[in-house]
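Here are my notes for your first look at this structure. Keep the 3D view open and work through the points in turn.

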Amino acid sequence: MSAPVETPALEVRDLVVSYRTGRGPLSAVDGVSFAIRPGETLGLVGESGCGKSSLAKAIVQLVEPTSGALKVEGHDITGLTARERRALRPKVQMVFQDPMGALDPRQRAGTILETPLKLNGVRGKAERRARVASLMEAVGLRPEFIDRLPHEFSGGQRQRIGIARALALDPAVIVCDEPVSALDVSLQAQVLNLLRKVQRETSVAYLFISHDLSVVEHIADRVAIMYLGRIVELAPRETLWRAPLHPYTRALIEALPRMDPGASRIADKTIVGGDLPSPFAPPKGCRFHTRCPIAVGRCAIDAPALSDAGDGHLVACHLAPGAVAAPTAGAVLQPA
């Protein structure tokens, strides 16, 4: 008898996020699909302007998806009424990039953490204050800091408050949008270690968004590479670092700084030239073909689908070794 299939904490299917702008329509996210199981971290990496933040905002319902589906613990959260959306909103929380800008400078730490509890039905003040003290302790802050204003904390401490606020309502998923990019290296390590500790204790799922592969390497179980609104490669972390299949992924890994500049991470370096094309007029076919050193004629005509290269390794490249015909949507979504 086969084991039951685990319901993903987050499921994203064929998600599209488009905007109307003065320069015309902009498709920031174009048909993205993935799933994250409870207790798993999916790293999402890409250049500025590739659609990472638009995807994050759609998942936490700060923007309305143009089409596609979002499911949290099996519940579809797209197309809901305001009341239905509010009931499910605690299940998906966000940790923002700028820890100072994400906190109200006029509110004390205790109030910042107590507000979501009050808005979501925790009526007793004593119960709320006990929960706030527990949250402070969970993220490594002393309970007596409860009456401090945000400017009285360090950058790392402010990000800990942001993490505590995200944890306040026991979410299934936390979207971490560049949560350590505004911190120095020593504070980055502290916050990453805290996120891992919280995950071990709660089984919360993370979508960890970053432009920095070296940061994602330390926290993600699987990694998705995004380029101009689409995922071009998705694989377990070790597989991606050992055997990247997409030329863009290979170039990103090769660009990482190394202690020994003469030692290549992979056998053949991939050099990417040119600038990121305009998202208002993305190239036809494979969106990477205008910068790809191995592109052939087909790449400018046909857009490659995510294909299965085995062992949970998906790649959207006509020339990727080992890739077979595009899998079903369920296979794309199911975590390895």
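At what angle do H3 and H5 pack, and how far apart are their axes? Point 1 takes this up.

1. **H3 and H5.** Bear in mind that this is a predicted model. H3 and H5 pack at an angle of about 20°, and their axes are 8 Å apart. Angles under 35 degrees count as roughly parallel, so H3 and H5 are roughly parallel to each other. Their crossing is right-handed. On the H3 side, the contact is made by Ala109, Ile112, Leu113 and Pro116. On the H5 side, Ile161, Ala164 and Arg165 take part.

2. **H3 and H4.** Now turn to helix H3 (residues 109–119) and helix H4 (residues 125–138). Their axes come within 9 Å and cross at roughly 125°. H3 and H4 are therefore oblique to each other. H3 passes H4 in a right-handed crossing. H3 brings Gly110, Leu113, Glu114, Leu117 and Lys118 to this contact. From H4 come Lys125, Arg128, Arg129, Arg131, Val132, Leu135 and Met136. Look at Leu113: it is listed in the contact with H4, and it is also listed in the contact with H5.

3. **H5 and H6.** The axes of helix H5 (residues 155–167) and H6 come within 10 Å and cross at roughly 20°. That angle makes H5 roughly parallel to H6. The crossing of H5 past H6 is right-handed. H5 makes the contact through Gly156, Gln159, Arg160, Ile163 and Leu167. H6 answers with Leu187, Gln190, Val191, Leu194, Leu195 and Val198.

4. **The sheet.** Next, find the strands. There are 4 in an open sheet, ordered E2-E1-E4-E5, with antiparallel pairing. Which strands are at the edges? They are E2 (24–36) and E5 (75–76), and each pairs on one side only.

5. **Pairing of E1.** Strand E1 (residues 10–21) runs antiparallel to E2, and 10 bridges join the two. A hairpin of 2 residues links E1 to E2. Two places to check are Glu11, whose bridge partner in E2 is Ala35, and Val17, which stands opposite Val29 in E2. E1 also pairs with E4, again in the antiparallel sense, over 5 bridges. There, Arg13 has Ala69 of E4 as its bridge partner.

6. **A helix across the sheet.** Helix H1 (residues 52–59) lies across E1, E2 and strand E4 (67–72). H1 runs at about 115° to E1.

7. **The nonpolar cores.** In soluble globular proteins, nonpolar side chains tend to be buried together. Here, the largest nonpolar core has 56 residues. Which residues have the most contacts inside this core? They are Phe208 and Val223. Helix H6 (residues 185–202) supplies the largest share of this core, 6 residues.

8. **Around Phe208.** Select Phe208 and look at what surrounds it. Leaving aside residues up to four places away in sequence, Phe208 touches Thr41, Leu42, Gly43 and Leu44, among others. Its contacts also include Cys176, Pro179, Val180, Leu192 and Leu195. Val215, Val216 and Ile219 are on the list too.

How values were computed:
Residues numbered from 1 in each chain as written. Predicted model: local features only at pLDDT ≥ 70, side-chain atom pairs only at ≥ 80, totals over all residues. Heavy atoms only, no water. Pairing = 2+ DSSP bridges. Contact = heavy atoms within 4.5 Å. Axes fitted to C-alpha atoms, helices over the stretch in contact; angles between N-to-C directions. Core = buried A, V, L, I, M, F, W, Y, C linked by side-chain atoms within 4.5 Å. Buried < 20%, exposed > 50% of the residue type's maximum accessible area, 1.4 Å probe, protein only. Parallel < 35°, antiparallel > 145°, perpendicular 65-115°, else oblique. Left-handed = near helix turned anticlockwise from the far one by under 90°.
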